[in-house]
Amino acid sequence: MSRQISLARQVRKVLVGDHAVAEAVKLARVNVVSAYPITPQTLIVERISEMIEKGELKADYVRVESEFAALATVYGAAAGGARAFTATSSHGLFYMYEMLWWAAASRVPFVMAVVTRVVGPPWNIHDEHTDLLAIRDSGWIIGMAQNVQEAFDMTLTAFKISEDERVLLPVAVGLDGFILSHTAEPPLDVPSQEDVDAWLPPRNPRIPYTIEPGGEAITMGNLPGNDVYHALLKKYMDESMESAKKVIAEVYDEYAKLTGRRYGPLTECYRCSDAKYLAISMGAWSGDIMNAVDRLRDEGYPIGLLRIRYVRPFPEEDVTGWINGMKGVIVFDRDYSAGMGGGVLASEVSGFVPSNVSFEGVLAGIGGFDVSSDEFKAIMKEFIDKVEREGQVRIRKYWYIPKIER
Amino acid sequence: MSVAEKLRGGLLLSTPAEGAGGRTGTWRVYRPVINYSKCTKCGICWLYCLRMLLSGLRIRTSGLTMTIARAVEYARMFALLRLLTWLRRGGWCE
């Protein structure tokens with residue numbers, strides 16, 4: 001990621017992750033916002049409501065009684081042609097679950113920030129990716145940011161990606177609870193309103209269709225005469241997911257010209273070109289893993305990190321491309337799928353790992369406990385040493401459980 | 001064909017048209033009439049028809065006669081039906 005500033009008009013701000021997302025929503029000139037408070041997302045919508053109160057953002061903020069209603073509200077607003085936004089976390093996201101599917105299959109574009117958090121019990125507000133990954137089959141485009149700047153950029157680009165005629169699917173922008181949401185990472189580069197306006201014009205309310213009083217008499221999602229229509233609808237969603245890969249690349253390309261910040265687009269590979277071992281992860285802790293990779297490199301271990309930026313559409317080509325020629329792949333999951341291979345990311349990736357390549361899925365940070373760069377280094381070193389010593393290794397899940405200090 | 005175009009034509013969006021039941025918009029303007037030459041005085045019409053429930057008195061005076069026992073039985077069912085309707089609408093919370 002290059003950091004040269006191509007536009008002098010960018011201003012530098014010190015904002016926590018949640019406030020950075022709110023800033024992006026303001027710059028996108030969103031028309032309708034609806035959300036229900038839940039930690040650690042609440043700062044986003046609190047800030048947005050302040051912006052509306054002060055007149056900085058001309059939007060309707062709809063107060064609702066639940067997350068189900070919040071999503072239904074923005075979904076309805078988007079079907080009416082508005083540019084809409086909501087945000088949630090954990091239990092709130094699960095309360096939206098039915099609506100997530102309706103919104104995605106209705107093909108209306110809008111954006112939701114998901115500030116990742118553990119799902120109870122036990123009651124827990126800390127960071128885990130299980131909530132975001134539980135929506136991966138619903139038809140949403142799902143991104144996961146590594147830092148506050150990327151959370152900002154991912155939110156702003158999400159509108160452009162979602163509204164593209166070739167995509168027309170809602171976009172979920174994931175950011176790690178507290179680690180990003182409540183942490184200020186100076187400096188944050190924010191493009192000017194004029195630049196964003198030129199790059200992101202108002203949404204065309206006629207695409208894909210508009211449901212409005214006095215408008216065209218249409219019903220969305222009526223009981224079809226033949227169930228095959230349903231299968232066709234899903235097939236078209238699948239095709240749009242495939243197109244989204246191209247659109248995401250195009251949008252980030254334009255965005256790089258606007259801001260000077262170049263991303264992946266679907267993945268980013270750190271010190272991979274001469275690597276023999278590949279670590280895979282997503283989200284904020286990727287920074288700690290990169291740090292561990294640097295230190296392992298100093299000790300002569302040929303390892304790189306493939307950071308997943310978008311889980312949906314899944315970057316299949318990138319993953320298979322980078323795994324090709326590797327001796328071993330180690331996947332870090334901050335999420336868990338009960339009764340399956342272990343971590344969600346490990347399960348998704350393992351299908352693309354050839355049988356002659358060593359593999360290990362590591363479950364760490366479940367429940368939000370902190371995993372340090374030292375710990376990542378030790379886990380990766382142990383994996384490489386084991387492969388070098390014993391040859392082929394296949395470990396579907398390794399539970400990394402630190403000693404509990406009372 | 002664009003995504004928006006694909007959504008039309010039964011896939012996701014539907015437009016108003018005559019349904020399997022034909023034109024149904026005029027169904028409610030007809031007034032139920034009792035054919036007294038066929039009437040066995042069972043009283044089932046009185047039980048089921050909303051219009052007759054509302055004007056049971058008028059039906060009785062217009063020639064429908066029942067045994068007292070049957071009238072009591074129907075009155076009980078009538079009360080139950082009204083109670084269920086009232087509960088379904090939310091009871092006291094209405």
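# Exercises on a two-chain model

A:Pro122 lies in the loop between E5 and H6 of chain A, where helices (H or I, at least four residues) and strands (E, at least two) are DSSP runs, numbered from the N terminus. The model is a predicted one, in which local features need pLDDT of at least 70 and side-chain atom pairs count only at pLDDT 80 or more, while totals for chains, interfaces and linings use all residues. Residues are numbered from 1 along each chain as its sequence is written, and chains are lettered from A and ligands numbered from 1 in the order in which they are written.

## Exercise 1. Cis peptide bonds

Identify the cis bonds that involve A:Pro121, and locate this residue in the chain.

Solution. 
1. The bond from A:Gly120 to A:Pro121 is cis, and its omega is near -5°.
2. The bond joining A:Pro121 and A:Pro122 is also cis, with omega about -5°.
3. A:Pro121 belongs to the loop between strand E5 (111-116) and helix H6 (130-133) of chain A.

## Exercise 2. Positive phi angles

Solution. 
1. The classes are set by counting other C-beta atoms, placed from the backbone, within 10 Å of a residue's own: 20 or more means buried, 12 or fewer means exposed, and in between means partly exposed.
2. A:Ser90 is not a glycine, yet its phi is positive, near 40°. A:Ser90 is part of helix H4 (residues 90-95) of chain A.
3. A:Arg271 sits in the loop between strand E10 (267-270) and strand E11 (277-281) of chain A.

## Exercise 3. The surroundings of strand E2

Describe how the residues of E2(A) point, and list strands with which E2(A) pairs.

Solution. 
1. In strand E2 (residues 32-35) of chain A, A:Val32 and A:Ser34 point one way. A:Val33 and A:Ala35 point the other way, and all of these residues are buried.
2. Strands pair if DSSP finds at least two bridges between them. Four bridges connect E2(A) with strand E3 (residues 60-63) of chain A, and the two run parallel. A:Val33 has A:Tyr61 as its bridge partner in E3(A).
3. E2(A) also runs parallel to strand E4 (residues 84-88) of chain A, to which two bridges join it. Opposite A:Val32 stands A:Ala84 of E4(A).
4. E2(A), helix H2 (residues 42-54) of chain A and E3(A) form a right-handed β-α-β unit. Right-handed here means that, with the strands pointing away from the viewer, the path from the first strand over the helix to the second runs clockwise.

## Exercise 4. The contact between the chains

How many residues does each chain give to the contact between chain A and chain B?

Solution. 
1. Two residues are in contact if their C-beta atoms, placed from the backbone, lie within 7 Å.
2. Chain B gives twelve residues and chain A gives 20 residues.
3. On the side of chain B that touches chain A, helix H1 (3-7) and strand E1 (13-14) of chain B each supply at least two residues. H1(B) gives the most, with four residues.
4. E1(B) runs antiparallel to strand E9 (residues 219-220) of chain A, and two bridges join them. The bridge partner of A:Thr219 in E1(B) is B:Ser14.

## Exercise 5. The domains and overall form of chain A

State the domains of chain A and the separation of their centres, then explain why chain A can be called as compact as a globular protein of its length.

Solution. 
1. Domain 1 (11-259) and domain 2 (267-399) make up the assignment for chain A; such bounds come from an automatic or database domain assignment.
2. The centres of domain 1 and domain 2 of chain A, taken over C-alpha atoms, are separated by 28 Å.
3. In their contact, 24 residues of domain 1 of chain A meet 20 residues of domain 2 of chain A. H9(A) provides the largest share of the domain 1 side, five residues.
4. Chain A has 13 helices and 16 strands. Its radius of gyration is 21 Å, close to the 22 Å that the globule rule gives for 406 residues, so chain A is as compact as a globular protein of that length. The radius is taken over C-alpha atoms, and the rule is 2.2 Å times the number of residues to the power 0.38.
5. Of the 406 residues of chain A, 52% count as buried.
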